[in-house]
Amino acid sequence: PLLAAGGDRGRNLDDAEKTQVREAGVHVFTMKDIDKLGIANVMERAIAITTAGTRGIHVSFDLDVCDPSIAPGVGTPVKGGFNYREAHMVMELLADTGRVMAIDLVEINPILDVRNQTAVLGAELALSALGMRIL
């Protein structure tokens, strides 16, 4: 199991949640790890962990991992999340593996969105995860 912590729950865990994560043996990458190592390095490590001994991976991407400046329409916006390029880098590196079997993009709340900005970002991220390339 893997938790790439960045969204509201990844940056703000209560004591009970921290205990559950530790007891479950979940491998966690925190925002501090991402800041220190860079998103590409963290993703390479996460991909190595999640693809070891598996036929493929399921990606669950909560858009509240993104900074509210690019994803205002989420249930729990928290400053300091992924920027636009970091979010796309995650999806592009996943697509490069050829091992993504399923993906869900969640935490988009149209009532809170601003000019459909979060919904458009979600669609763009889905395209990146599916392998959309410039060339």
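How many helices and strands does the secondary structure of the protein come to? In this predicted model, the count is six helices and four strands, where helices (H or I, at least four residues) and strands (E, at least two) are DSSP runs numbered from the N terminus. Along the sequence, they follow the pattern β-α-α-β-α-α-β-α-β-α. Residues are numbered from 1 along each chain as its sequence is written, and side-chain values use heavy atoms, with hydrogens and water left out. Local features need pLDDT of at least 70 and side-chain atom pairs count only at pLDDT 80 or more, while totals for chains, interfaces and linings use all residues.

Of its 135 residues, 33% count as buried; buried means under 20% relative accessible area, exposed means over 50%, and partly exposed lies in between (1.4 Å probe, protein chains only). Contact means heavy atoms within 4.5 Å. Among contacts between residues at least 6 apart in sequence, 72% join residues at least 24 apart.

The largest nonpolar core holds 26 residues. Such a core is a set of buried Ala, Val, Leu, Ile, Met, Phe, Trp, Tyr and Cys residues joined through side-chain atoms within 4.5 Å. Phe-61, Cys-66, Phe-82 and Leu-94 touch the most other members. Two or more residues of this core come from each of α3 (31-37), α4 (39-51), β3, α5 and α6 (117-129). With neighbours within four places in sequence left aside, Cys-66 is in contact with Phe-61, Ala-71, Val-78, Gly-81, Phe-82, Ala-87 and Leu-121.

Asp-67 sits in the loop between β3 (57-62) and α5 (84-97). Why does Asp-67 count as buried? The reason is its relative accessibility of 17%, which falls under the 20% limit. The side chains of Asp-67 and Ser-69 are joined by a polar contact of 2.8 Å. A polar contact is a pair of N or O atoms within 3.5 Å; within protein, one must be able to donate a hydrogen and the other to accept it, and residues adjacent in sequence count only if both atoms are side-chain atoms. Beyond four places in sequence, Asp-67 is in contact with Val-78, Lys-79, Gly-80, Gly-81 and Phe-82.

Val-106 belongs to strand β4 (residues 100-106). Its relative accessible area is 29%, so Val-106 is partly exposed. Residues up to four places away in sequence aside, Val-106 touches Phe-61, Asp-62 and Leu-63. Val-106 and Ser-60 are 46 residues apart in sequence, yet their C-alpha atoms are 7.5 Å apart in space.
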